[in-house]
Amino acid sequence: MPWYAVEALDDAIDTTKAFLLPVEIRTWLKLAIIVLFLGGTSASPPTAGGNFQFGGGPPEIPISIEIITTLVIAIVAVAILLWMVFTFIGSLMEFAFVESLRSRKVHVRQYLRRYFGPGVRLFGFRLVVFTLVLLPIVGFLLVFVPALLDGSADVAFGSLFLFLPVVVILALVAGLIDGLTTNFVVPVMILRGGGVFAGWRRFWPTLRNQWKQYGVYVLLRFALSIAAGIVVSIVGGIAGIVLGIPFAIVGIGLYVLAGAPVPTVLASSVPILVAFGLLAVAYMLVLLFTLAIVRVPIQTYLRYFALLVLGDTNGELDLIPELREEVR
């Protein structure tokens, strides 16, 4: 019995070449905008840390439990809000990306308008999956934090020991469901229409009957994601250093222009503070977009890999029959 995922490894390279070559700058830039919001392989920008002391040392700031709790809640709230914004945009971009691979024509705004409804449904589905994982974590924190603050360390860390395996299992299941939805149900939704659950109903018989094929796919996809993540991380580190040089020069210029120690400037000069903030934001945006350009061929390969497996396991759900014939 042939393993479709194994056969698709080489064919995905050919389909990726057929789509991305010859290189068209406009096409790559539009794809980079889409890929910027997609999940999958990513890289964190390099960070540097150090201990800096000015004068007699850092000032002592009394910190109460209330301040820590408020700060943690604020950070979590902002993180969840940012996640929701990026997940919403990313859910729309999933359809724009697959449609681009299908038609081999990249149109961002046109595809976003066409698939706005399905994208909203995908966002709602992802929100439900995220909530199912988040609720047990919140419940655990409601037990762990009070126990820790009351001095019941044994109870707190005992509950932590019992809870961690549950979180890991929930995260793996949620990741598997989201991955199968993104790579297989979204193409079915594009091909047949309907929402996420309708897409799952159409895809489920194929998954159930060909579960061994999809098991091999999941294992290979996991290995490919690790390899791709390493590559993007290395490139991201190099890009972070190279791109950081001109921003560092500008930052040094601002420091010289301020003519005072950095803590004094940041504490007393609002314009300089805003300038440093805008400089940091600009650096992050340039770095993220550069990484998105790097991820274009990787994401294209991984998504074509999934589309080839989907078409091999069920010809009625084949989204790229013409391209499949070309490469085979």
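This dialogue reads a predicted model feature by feature.

User: What should I know before reading the model?

Analyst: This is a predicted model, so local features need pLDDT of at least 70 and side-chain atom pairs count only at pLDDT 80 or more, while totals for chains, interfaces and linings use all residues. Residues are numbered from 1 along each chain as its sequence is written, and side-chain values use heavy atoms, with hydrogens and water left out.

User: How many helices and strands are in the chain?

Analyst: Helices (H or I, at least four residues) and strands (E, at least two) are DSSP runs, numbered from the N terminus. Here there are 11 helices and zero strands. From the N terminus on, the order is α-α-α-α-α-α-α-α-α-α-α.

User: How do I read burial and surface?

Analyst: Buried means under 20% relative accessible area, exposed means over 50%, and partly exposed lies in between (1.4 Å probe, protein chains only). The chain has 328 residues, and 35% of them count as buried. Accessible areas come from the Shrake-Rupley method with a 1.4 Å probe; for residues, only the protein chains shown count as cover. The accessible surface of the chain is about 18,800 Å². Carbon and sulfur atoms hold 72% of that surface.

User: What share of contacts in the chain joins residues at least 24 apart?

Analyst: A contact means heavy atoms within 4.5 Å. Take the contacts between residues at least 6 apart in sequence: 77% join residues at least 24 apart.

User: Which residues of α2 are buried?

Analyst: First the general idea. An α-helix has 3.6 residues a turn, so residues three or four places apart point the same way. In α2, the buried residues are Thr27, Trp28, Leu31, Ala32, Ile34 and Val35. Seen down the axis of α2, they fall within an arc of 165°, so they line one face of the helix. That arc is taken from the directions from the helix axis to the C-beta atoms. On the other side of α2, Ile25 and Arg26 are exposed.

User: How many salt bridges are there?

Analyst: A salt bridge is a side-chain nitrogen of Lys or Arg within 4 Å of a carboxyl oxygen of Asp or Glu. By this rule the count is nine. One of them joins glutamate 326 and arginine 104, at 3.0 Å from N to O. That pair links distant parts of the chain, 222 residues apart. Glutamate 326 sits in helix α11 (residues 321-327), and arginine 104 sits in the loop between α3 (65-103) and α4 (108-114). Glutamate 326 is exposed at 52% relative accessible area. Arginine 104 is partly exposed at 30%.

User: Where do arginine 126 and aspartate 178 lie?

Analyst: Their side chains meet in a salt bridge, 3.1 Å from N to O. Arginine 126 is in helix α5 (residues 116-149) and aspartate 178 is in helix α6 (residues 153-192), 52 residues apart. Arginine 126 is buried at 11% relative accessibility. Aspartate 178 is partly exposed at 28%. Salt bridges that share partners join Glu94, Arg126, Asp178 and Arg303 into one network.

User: Are arginine 324 and aspartate 318 buried or exposed?

Analyst: Both are buried. They form a salt bridge, with the closest N and O atoms 2.8 Å apart.

User: How many aromatic pairs does the structure hold?

Analyst: Rings of Phe, Tyr and Trp (its six-membered ring) pair if their centres lie within 6.5 Å; planes under 30 degrees apart count as stacked, over 60 as edge-to-face and the rest as tilted. The structure holds 15 such pairs. Among them, phenylalanine 88 and phenylalanine 116 are edge-to-face, 6.3 Å centre to centre with 80° between the planes. Phenylalanine 88 lies in helix α3 and phenylalanine 116 in helix α5, so the pair ties together parts 28 residues apart in sequence. Phenylalanine 88 is partly exposed at 28% relative accessible area, and phenylalanine 116 is partly exposed at 43%.

User: Why is the pair of phenylalanine 184 and tyrosine 214 edge-to-face?

Analyst: Their ring centres are 5.0 Å apart and their planes stand at 90°, so the pair counts as edge-to-face. Phenylalanine 184 is in helix α6 and tyrosine 214 in helix α8 (residues 211-258), 30 residues apart. Both residues are buried. Ring pairs also link Phe184, Trp200, Phe203, Tyr214, Tyr217, Tyr301 and Phe305 into a cluster.
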